[in-house]
Amino acid sequence: MSALVITGASSFLGRALLATLPAGVFPELRILVHHKRPQGLLPGSRVITVDGDLLKPDTLRELIAPDSTVVHLAYLATAHPDEDNVAAVRNLLAACQDAG
């Protein structure tokens with residue numbers, strides 16, 4: 001099994017996922033960090049934090065490894081949340097397609 005990628009890991013849902021995810025299931029855990037680093041990272045997992053922004057596609061290249069499983073939990077509470085969250089998903093999808 002390859003990497004698990006999580007966006008929104010410091011959110012309520014992200015923290016709950018990290019707390020219940022069994023250690024060692026994924027050899028690598030990749031977490032997108034925008035403002036706040038998540039707490040309670042899994043012991044025994046190789047954790048890689050990637051500074052990035054879902055609205056800046058060039059910052060997502062390092063986040064997605066080939067054949068990753070992606071769990072998208074981030075919500076952008078911006079002045080234009082509908083447009084920005086749609087753009088964020090499109091950027092994340094493009095990064096996944098580019099990674100293969």
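1. In which loop is the place of D67? D67 lies in the loop between β3 (46–51) and β4 (69–72), strands being DSSP runs of E with at least two residues, and helices runs of H or I with at least four, numbered from the N terminus. Although D67 is not a glycine, its phi is positive, about 60°. D67 counts as exposed because its relative accessibility is 60% (exposed means over 50%, buried under 20%, partly exposed in between, with a 1.4 Å probe and protein chains only).

2. This is a predicted model, in which local features need pLDDT of at least 70 and side-chain atom pairs count only at pLDDT 80 or more, while totals for chains, interfaces and linings use all residues. Residues are numbered from 1 along each chain as its sequence is written, and side-chain values use heavy atoms, with hydrogens and water left out.

3. The chain has 2 helices and 4 strands, arranged along the sequence as β-α-β-β-β-α. Of its 100 residues, 36% count as buried.

4. In helix α2 (residues 81–99), the end C-alpha atoms are 27 Å apart, which agrees with the 27 Å that its 19 residues should span at 1.5 Å a residue (the expected span being 1.5 Å times one less than the number of residues).

5. The residues D84, N85, A88, N91, L92 and A95 of α2 are buried. They cover an arc of only 120° around the axis, which puts them on the same side of α2 (the arc is that of the directions from the helix axis to the C-beta atoms). The buried residues of α2 pack against β1 (4–7) and β4, whereas the face turned away from the buried side carries the exposed D82, E83, R90 and Q97.

Notes. Contact means heavy atoms within 4.5 Å.
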